[in-house]
Amino acid sequence: MGMTMSEKILAKHAGLERVEAGQLVTCKLDMVLANDITAPPSIKIFESIGRPVFDKEKIALVPDHFQPAKDIKSAELAKIVRDFAVKHEIVHYFEQGRVGIEHVILPEQGIVAPGMLTIGADSHTCTYGAVNGFATGVGSTDLGAAMATGEAWFKVPQAIKVELTGTKPAGISGKDVILTLIGQIGVDGALYKSLEFAGVGVKSLTMTDRLTISNMAIEAGGKAGIFPYDEITAAYVKDRVKKPFEPVAADDDAVYCQVVKIDLSTLKPVVAFPHLPGNTKRVEDIEEPIAIQQVIIGSCTNGRLEDLQIAAEVFKGHKVADGVRCIVIPGSPAVYKEAMKRGYIDIFLDADCAVSTPTCGPCLGGYMGIMAAGEKCVSTTNRNFRGRMGHVDSEVYLAGPHVAAASAILGRIATAEEVQ
Amino acid sequence: MKLEGKVWRYGDNIDTDVIIPARYLNTFDPKELASHCMVDIDESFAQNVQEGDIMVGGRNFGCGSSREHAPVAIKASGIPVVIAASFARIFYRNGINIGLPLLEIGDDVEKINADDKLRVDVSTGVIEDLTTGDVFHAHPLPGFVQEIAASGGLIEYIKKNK
């Protein structure tokens, strides 16, 4: 019997010929990642073990959540990470000015690659499945232990095959694909399982679409969300990844516990209503207009250049509606710089958007866009849990960049087609 | 290990933002985290929880962020065990790693009510509801994960096995 992409990566890193779903394996890790919230407790755990770091080139420390520091305690957290990085000569430590959102900069800089096994003390580590890696979120104890041992245990996940057919229409992005999928299978539809994408539809998805889709595998409970390696992946990693890598492909007779089919050509712009990412609804099916007070465009889900391009094309010649504030957050310094060069930042500023330095900030209710009681936000982020972005009585509607920009202009949840 | 305590009952999809909102993540001090635990959906929890009380949730308990601060906050509140229909996987891993036992009992969880008194044997997974007389059996932990749990967490396990 054949293996899935996830099984092949886990088998190789466990030093085994083959593994199957349910098996417990200990694997050697290619990259371990933490941020300014999760690294400090990981460092405490690491120090209690009393060993040196396993490999200073295989640890990434990205202070992106509450940085530039939002308060004194957050500054102390960043200092713990900085001191640790200096002491252990961590190669992939990113200081303010070079730092971006972790799941934007690691693929962008080729730090994660096809066939690699990555764990991160951040649930959206599953993003790297987009470049054909197996990557999954863990807590600070796992991460602290991994910084010392270079290993972690895994239960080989059962796999759900997501078969994509058709071609993605104009005005639809990866966000509409993943929100539709989560709406279909539910927020625990992939619990403990990997989502393995396949089918002819994959080739109509850009790398940005794929990064958005893999990023939100966790919102269906998934352990990973992995794409096959093709010419689009090859073109993306070509000038970024400096080390040799080995892509994986699923065997034709790989075993799946479930097959889910999505015809991309039928997709419409969707939003996820409060308070679960699976409360998906087509925008055209919204009966009563939903007035909003805030829009966020950015995050590890939708903070890449193509996302800003989509938003800029919708915003061009328009202004943010009265009574709405729109905050645009490029995901990395490179994204920011290129967006500036292409004139997107001018378009945002002319439209009365606020443009921020890269940070996770508002997505998790950290800072830079916290909401008051009763306020509603359309956000290109990944979670709309109760109180996620501020007051417990505020509401988050998740959407892609087309709908987010259109909603900012019209002051209500809207599609880009409605903006004229 | 046999435990007895009163039930704090919560529903499906209790996410880690609810267990400990991100606005309190600028610290990782367990006591301080415990003082804000569950605050957005149940202000009375942090004020009234007693050492030894038991938390019971529905499906997909602990979904969302990987923040280990969430099981740490629950444990530091004095809760020695969490029972749910199912757990989100990162939360489940974190619970085992920090020595907070988590017992999965599927739909049986519907029979447990707020304020019931439970007796829980963590090593056998047998749960007795002393209020209703019901007895439930949790799914056993797989393979060497049992050893991690029995060691009191991953770090003790690594130290023992180095």
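Tutor: Two residues are in contact if their C-beta atoms, placed from the backbone, lie within 7 Å. This is a predicted model, in which local features need pLDDT of at least 70, side-chain atom pairs count only at pLDDT 80 or more, and totals for chains, interfaces and linings use all residues. Residues are numbered from 1 along each chain as its sequence is written, and chains are lettered from A and ligands numbered from 1 in the order in which they are written.

Student: How many helices and strands does chain B have?

Tutor: Helices (H or I, at least four residues) and strands (E, at least two) are DSSP runs, numbered from the N terminus. Along the sequence, the pattern of chain B is β-α-α-α-β-α-β-α-β-β-β-β-α-α. Chain B therefore has, with these runs as defined, seven helices and seven strands.

Student: What radius of gyration does chain B have?

Tutor: The radius of gyration is taken over C-alpha atoms, and the globule rule is 2.2 Å times the number of residues to the power 0.38. The C-alpha atoms of chain B fill a box of roughly 45 × 45 × 25 Å along the principal axes. For 162 residues a compact globule would come near 15 Å, and chain B agrees, with 15 Å.

Student: Why is chain A said to be as compact as a globular protein of its length, and what is its radius of gyration?

Tutor: Chain A comprises 13 helices and 18 strands. The globule rule gives 22 Å for 420 residues, and chain A is close to this value, so it is as compact as a globular protein of that length; its radius of gyration is 20 Å.

Student: What percentage of the residues in chain A is buried?

Tutor: A residue is buried if 20 or more other C-beta atoms lie within 10 Å of its own, exposed if 12 or fewer, and partly exposed in between, with C-beta atoms placed from the backbone. In chain B, 52% of the 162 residues are buried. For the 420 residues in chain A, the value is 60%.

Student: Which residue follows helix H1 of chain A?

Tutor: Helix H1 (residues 5-14) of chain A has nine of its 10 residues buried, so it is largely enclosed by the rest of the structure. Among the buried ones are A:Met5, A:Ile9 and A:Leu10. After H1(A) comes a residue with a positive phi, near 70 degrees, namely A:Gly15.

Student: Which helix gives the largest share of the side of chain B that touches chain A?

Tutor: Here 36 residues of chain B are in contact with 41 residues of chain A. Helix H1 (16-19), helix H5 (89-98) and helix H7 (154-160) of chain B each supply at least two residues of this side. The largest share, six residues, comes from H5(B).
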